[in-house]
Amino acid sequence: MDTLLHPAPTSSMAKRPCSSSSQNPRLPSHFSQMDHLLHSFLSLTDSSPPISLDLAFDRLLDSSPSDADQSLLIDRAHKLGSLLLRAANRSARKRASLHNSIAWALPPDLTIKVFSMLDSQSLCYAAATCSMFNKCAMDPLCYVNIDLTTVVPKVNNAVVSTMIQRAGKSLQSLKLGIVPGPTASPGSCQPLVYSIRNSVDVSGFSWNDKRTRQGKESSILTRSCLHPLSADNGATGNLLRRLHLYNIERMDNASLCVALAACPSLLDLEIVGLHVELRQTLMSVSTNCHLIERLFFESSKTGRDDSLKSPTCVDLVNNCPNLSSLSLRGFKLHDYKVRILVKGFRKLKYADFSTSYSITGTFLRNLGSGGGGNLLEVLILRDCMHLREVEVARFLTAVLAGDFKLLRHLDISNREGLASEGDWYQRSYNSSIIPLKQVLEVRPNICLLAEFPSEGWYGLPLN
């Protein structure tokens, strides 16, 4: 014990160490003096009770001439213990990794393939299991589809940057932000806009997850969270196909436009609850994302964004001809702008303008004759405050006449009822001019939703 903690004497009278074979014939001959000392020290745990080691160390301290020497001795003991612990942990990891590599049935390439199918959180758990799994989990193919969406704030810019750097040029899908609750599915009629101040069911989360925004600053995404997409002259974002952003309150127009400029191959863009302007966002999409096929945009301030202009609609139609799914929810849209979009996109099959404040339904007139609109399969106009019953009646009459042969889903539900022809303040709940039953008889394959307040609900349980 003294030899481990005190330097060996340097005088000429110091004894020469015995040969390794004479010290312990069971040990290899190439072992050094330190190897033998460590072996002897570790053998104490088998032959001596712990109290013997304590007493030996106390006697060693008592034999020290001064307080400074005793402190130095204690410090050396701490350092030696730390070194031994570190060496033991490292060796344990090496042994575990070797064991796993032998016991694990899959080769590394198939392990990487399995890991690439995991969600981002499960992948991180697997990476923390052992060094072999960690090495496989660092492969860029495991980060092709990154999903860092959460119900409460848990992810910050550093996490996003690390994930994107690991993906490199393999990145194809990126989802970030806060999705309010497990029942809110992107693309459904349920609003996805969320604020940290909103009421949300977090009964299943720990108290740490329920802390206020002031205590969670380290778990908040900021406007720079997408900057890694522009790294290496945009090489990372160049092959990105899907980008979904939910309720990142600190995102602004400039940062979003920079990110979109780095994603020329984008096919699917979903934006919910960001404080960005509709016109600038669509201009950026029109300029940079010519291949886009699906655009979903839900406003963070329902009915107040009136920024969209007709030239922007025209540019979007001309520059993004492959668009087949368009959702603009919660914006102040006028019928003539909506008509430019619906008629202009020749491949449009899915259109959702839910909670759009200014839509009256006049854009539906002659929508199925020539150009776009006749390929529509899904049309959602839920809770459009100014939607008129007469325009809905005209549209369904056109359906009865044989237009919109591909239409399979129509939602005209409104929690306030439909607007009357003369005054939108007068709401209609029992309209006799809308041919609901006739449409269902002629087109039984259509899912027609017409849900209204119970006191005036005229819809049927249509499925």
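**Salt bridges, sheet and surface**

Mentor: Let's start with a charged pair: in this predicted model, Asp252 and Arg223 form a salt bridge, with their closest N and O atoms 3.3 Å apart.

Trainee: How many salt bridges does the count come to?

Mentor: The count comes to 14 salt bridges. One of the pairs is Asp352 with Arg329, at 3.4 Å from N to O. That pair also links distant parts of the chain, with Asp352 in strand 7 (residues 350-352) and Arg329 in strand 6 (residues 325-329). Both Asp352 and Arg329 are buried.

Trainee: Which residues are linked in a network of salt bridges?

Mentor: Arg242, Asp268, Glu270 and Arg294 are linked that way.

Trainee: Switching to the sheet, what's the strand order?

Mentor: The sheet is open and has 10 strands in the order 1-2-3-4-5-6-7-8-9-12, with parallel pairing. Strand 1 (145-150) and strand 12 (447-449) are at the edges; each has a single partner strand, so one side of each lacks a neighbour in the sheet. From one strand to the next, the twist averages 5 degrees.

Trainee: What packs on the sheet, touching strand 1?

Mentor: Helix 9 (residues 157-167) does, and helix 9 touches strand 2 (173-178) as well. Its direction makes about 165 degrees with that of strand 1.

Trainee: Now Asp306: where is it found?

Mentor: Asp306 is in the loop between strand 5 (294-298) and helix 13 (310-319). Leaving aside neighbours within four places in sequence, Asp306 contacts Lys332, His334 and Lys337. The C-alpha atoms of Asp306 and Lys332 are 5.0 Å apart, although the two residues are separated by 26 residues along the chain.

Trainee: Last one: which residues form the nonpolar patch on the surface?

Mentor: Trp104, Leu106, Leu110 and Val114, with about 310 Å² of accessible area together. Leu110 lies in helix 6 (residues 108-115) and is partly exposed, with a relative accessible area of 43%.

Definitions and conventions:
Residues numbered from 1 in each chain as written. Predicted model: local features only at pLDDT ≥ 70, side-chain atom pairs only at ≥ 80, totals over all residues. Heavy atoms only, no water. Pairing = 2+ DSSP bridges. Helix = DSSP H or I, 4+ residues; strand = E, 2+ residues; numbered from the N terminus. Axes fitted to C-alpha atoms, helices over the stretch in contact; angles between N-to-C directions. Contact = heavy atoms within 4.5 Å. Patch = residues over 30% accessible without salt bridge, like charges linked within 9 Å, V, L, I, M, F, W, Y side chains within 5 Å. Areas by Shrake-Rupley, 256 points an atom, 1.4 Å probe, with all protein chains shown as cover. Salt bridge = Lys/Arg side-chain N within 4 Å of Asp/Glu carboxyl O. Buried < 20%, exposed > 50% of the residue type's maximum accessible area, 1.4 Å probe, protein only.
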